[in-house]
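I opened the model today to look up its helices and a handful of residues. My notes follow in the order I checked things.

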Amino acid sequence: LFRSLLCFLTVGVLLKGLKQKNIILLYFGLLITVNFLVESMLQTSAGTVFFVFFLCLFLVFKLDKLKNGQA
């Protein structure tokens with residue numbers, strides 16, 4: 001159950017990054033996907049905090065808002 005949720009989450013991040021043309025979110029999704037393939041990142045608390053923090057950060061803030069100083 002949790003593996004399928006993680007797969008849906010990472011694919012959803014990639015698709016949302018493509019749909020919104022948010023290059024940072026897309027790169028983050030690619031980075032996390034590659035990292036999940038070679039090591040078990042979420043088995044440590046540091047990996048979980050890293051993943052959740054940056055996922056929330058990139059979903060809330062958009063690059064164009066950051067460039068214009070609206071964030």
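Before reading off any residue, I noted the burial scale: buried means under 20% relative accessible area, exposed means over 50%, and partly exposed lies in between, with a 1.4 Å probe and protein chains only.

**Ground rules.** I am working with a predicted model, in which local features need pLDDT of at least 70 and side-chain atom pairs count only at pLDDT 80 or more, while totals for chains, interfaces and linings use all residues. Residues are numbered from 1 along each chain as its sequence is written, and side-chain values use heavy atoms, with hydrogens and water left out.

**Whole protein.** I counted four helices and zero strands, and along the sequence the pattern reads α-α-α-α. Helices (H or I, at least four residues) and strands (E, at least two) are DSSP runs, numbered from the N terminus. Of the 71 residues, 21% count as buried. The accessible surface comes to about 5500 Å², and carbon and sulfur atoms hold 70% of that; such areas come from the Shrake-Rupley method with a 1.4 Å probe, and for residues only the protein chains shown count as cover. I then looked at contacts, meaning heavy atoms within 4.5 Å. Among contacts with a separation of 6 or more, 39% are between residues 24 or more positions apart.

**Thr10.** I found Thr10 in helix α1. Thr10 counts as buried because its relative accessibility is 12%. Which residues does Thr10 contact, leaving aside its neighbours within four places in sequence? I listed Ile32, Thr33 and Phe36.

**The loop between α1 and α2.** Two residues here went into the notebook. Lys21 sits in this loop and has a positive phi of about 55° although it is not a glycine. I checked the background: most residues other than glycine have a negative phi. Lys21 has a relative accessible area of 76%, so it is exposed. Asn22 is in the loop too, between α1 (2-20) and α2. Is Asn22 buried or exposed? Asn22 is buried, because its relative accessible area is 7%. Neighbours within four places in sequence aside, Asn22 is in contact with Gly17, Phe58 and Phe61.

Gly29 lies in helix α2 and is buried, with a relative accessible area of 3%. Tyr27 lies in helix α2 and counts as exposed, because its relative accessibility is 54%. From Tyr27 to Leu14 I read 8.2 Å, C-alpha to C-alpha, for a sequence gap of 13 residues.

**α2 against α3.** The axes of α2 (residues 23-38) and α3 (residues 45-60) come within 10 Å and cross at roughly 160°. That makes α2 roughly antiparallel to α3. Axes are lines fitted to C-alpha atoms, for helices over the stretch in contact, and angles run from 0 to 180 degrees between N-to-C directions. Angles over 145 degrees count as roughly antiparallel, under 35 as roughly parallel, 65 to 115 as roughly perpendicular, and the rest as oblique. The crossing of α2 and α3 is left-handed, which means that the near helix is turned anticlockwise from the far one by less than a right angle. From α2 the contact takes Ile24, Leu25, Phe28, Ile32 and Phe36, and from α3 it takes Phe50, Phe51, Phe54, Leu55, Phe58 and Leu59. I sorted these residues into 11 nonpolar, no polar and no charged. For that sorting, Ala, Val, Leu, Ile, Met, Phe, Trp, Tyr, Cys and Pro count as nonpolar, Asp, Glu, Lys and Arg as charged, and the others, Gly among them, as polar.
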